[in-house]
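Please walk through this protein with me, step by step. Keep the sequence and the model side by side as you read.

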Amino acid sequence: MGQYLSRIAVTAGLAAVLSLPAGAATSEWRIDPQHSSAQFSVRHMAISSVRGAFSKVDGTIVLDDKDITKSTVDVTIDVSTVDTREPGRDNDLRSDHFFDVAHYPAMTFKSKKVVQAAPGKLKVTGDLTIRGATKEVVLDVEGPTAPVKDPWGNQRAAAGASAKINRKDFGVKWNATMDNGGVVVGDDVNITIDVEMIKQAPVKSGN
């Protein structure tokens, strides 16, 4: 359940690129799904934490180099890629007990506001949609790193983000009560996101 959040968190990480220097007034960066992931953790039986990740994160960040507050982040997470290293649990998470992947195959995050909170830190506010429910979430972003050129000539940068959400806000309510009065699954989900981004070549307009 907390996994949905992770996707969102993933999305926030992309926003980190907003503080990257660039030559043009506007630059576009795409998340590299092969080198990005969204992780989550949720309390299990109130004594330990279950951790998992979503392995397919995609999205676009449009950076306004002159006014960071005009930058935007748009991220999509494939919920079917949830992985907690336990196949039976992963199948349950994909079921209508939790994510209901058959009806809601993707999680999305769309930014509404970007604020430079401190040097190297951003707060990205946006709408997170999980299982068809949309709630406003604030992502704490660290980074991004300085851009580097890969062996193929692409400009790349990376960033990390974190947030905490309540799964019940997104309609993920399944639970079971234990003999001691506690519950099997905690409501709060901690999300961390690690993203690697590739700068896109500017589109040339025709004459």
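**Surface, strands and one threonine**

The protein exposes about 10300 Å², and carbon and sulfur atoms supply 51% of that area. Accessible areas come from the Shrake-Rupley method with a 1.4 Å probe; for residues, only the protein chains shown count as cover. This is a predicted model: local features need pLDDT of at least 70, side-chain atom pairs count only at pLDDT 80 or more, and totals for chains, interfaces and linings use all residues. Residues are numbered from 1 along each chain as its sequence is written, and side-chain values use heavy atoms, without hydrogens and water.

The protein has two helices and 12 strands. Both are DSSP runs, numbered from the N terminus: helices are H or I with at least four residues, strands are E with at least two.

Now look at strand 7 (residues 106-118). Strand 5 (residues 72-78) runs antiparallel to strand 7, joined by five bridges. Strands pair if DSSP finds at least two bridges between them. Here D78 stands opposite A106. Strand 7 also runs antiparallel to strand 8 (residues 121-130), with nine bridges. K110 faces D127 in this pair. Two residues lie between the strands of this hairpin, and G120 takes a positive phi near 75 degrees.

Next, find T84, in the loop between strand 6 (82-83) and helix 2 (87-94). Is T84 buried or exposed? T84 counts as buried because its relative accessibility is 1%; buried means under 20% relative accessible area, exposed over 50%, partly exposed in between (1.4 Å probe, protein chains only). Its side chain makes a polar contact with the side chain of R89 at 2.9 Å. Another polar contact, of 2.5 Å, joins the side chains of T84 and D90. A polar contact is a pair of N or O atoms within 3.5 Å; within protein, one must be able to donate a hydrogen and the other to accept it, and residues adjacent in sequence count only if both atoms are side-chain atoms.
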